[in-house]
Amino acid sequence: MTPYFETKLGKLYHGDCLEIIPGLELESVDLVLTDPPYPTEYTKEYKFNKKTILLLNDINSKQLIFWTPQDKDKFPLSYSCFHIWDKKVGVKSQFELIYERNGGTGYRVYNVYLLNSTVAAKYLSDVFTGHKSQKPRKLITKLLHDSKTNNTVFDPFLGSGTTAVVCERSKRKWIGIEIEEKYCEMAAKRIEESLTVMERIERSEKGITKKTGLLF
Ligand SMILES: C[S@@+](CC[C@H](N)C(=O)[O-])C[C@H]1O[C@@H](n2cnc3c(N)ncnc32)[C@H](O)[C@@H]1O
């Protein structure tokens, strides 16, 4: 299967994870870190399909899965504990849960600002891509660090590419899937921008650089 975009560390596939996963070699994956579409938010835009969540049952590795507490539907998979993302949005309490599967039993609270505008992004030294569910890099970095895993990270709902960007920065291998081409494009540019100057020069010489607006 040809990836939509790849780096030395990772591959991004464009398509439905239901169709792509069976063709992937996932033996090296020791962490699924993902943020699937929810049954109550942007369901059409993000093509919510419960079957895709249930597919995570077939992946034999530790898993950290975002699942919003406003859902009428409970988290549909078994889990060992959940973590809390306190979004720090002022006086109003806003939080999201991150379910851990096949892993620890002690929960953690992550205090990281909600990222939903260019202002918030600047505050977090992130870049807001325009993807409404873009997660803060800081949060994903902490989750990755606390997971105590060190092999390949898999995100079958990659969106704007946050998981892959954090993996590139921490030199972890990654595999991502995204169904919408516009988000694949967004993710690819973001990942390219997160590479070191040397890597970008190498890619430019091979003619595989994405147009990112950066010189190198
Ligand atoms: C909640 S967003 C993920 C946002 C991501 N964490 C980020 O930081 O940008 C979920 C993503 O899953 C994608 N998606 C939905 N169904 C999919 C499927 N069957 N296969 C692959 N991607 C899918 C949606 O297009 C959407 O971009």
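Predicted model: local features only at pLDDT ≥ 70, side-chain atom pairs only at ≥ 80, totals over all residues.
Strand β9 comprises residues 174–178, and five of its five residues are buried, so the strand is largely enclosed by the rest of the structure. In a regular strand, side chains alternate between the two faces of the sheet. In β9, both faces are covered. Trp-174, Gly-176 and Glu-178 are buried on one side, while Ile-175 and Ile-177 are buried on the other.

Two pairings of β9 may be considered in turn. Strand β2, residues 10–14, pairs with β9 in the parallel sense over five bridges, and in this pairing Lys-11 stands opposite Ile-175. Strand β8, residues 152–155, also pairs with β9 in the parallel sense, over three bridges. Here the residue opposite Ile-175 is Phe-154.

The path from β8 to β9 involves a helix. Together with helix α5, residues 162–169, these two strands make a right-handed β-α-β unit.

Helix α5 leads in turn to helix α6, which spans residues 181–194. The axes of the two helices come within 9 Å and cross at roughly 15 degrees. Angles under 35 degrees count as roughly parallel, and α5 and α6 are therefore roughly parallel to each other. Their crossing is right-handed. On the α5 side, the contact is made by Ala-164, Val-165, Glu-168 and Arg-169; on the α6 side, it is made by Ala-187, Arg-190, Ile-191 and Ser-194.

Notes. Residues numbered from 1 in each chain as written. Buried ≥ 20, exposed ≤ 12 C-beta atoms within 10 Å, placed from the backbone. Helix = DSSP H or I, 4+ residues; strand = E, 2+ residues; numbered from the N terminus. Pairing = 2+ DSSP bridges. Right-handed = clockwise from strand over helix to strand, strands pointing away. Axes fitted to C-alpha atoms, helices over the stretch in contact; angles between N-to-C directions. Parallel < 35°, antiparallel > 145°, perpendicular 65-115°, else oblique. Left-handed = near helix turned anticlockwise from the far one by under 90°. Contact = placed C-beta atoms within 7 Å.
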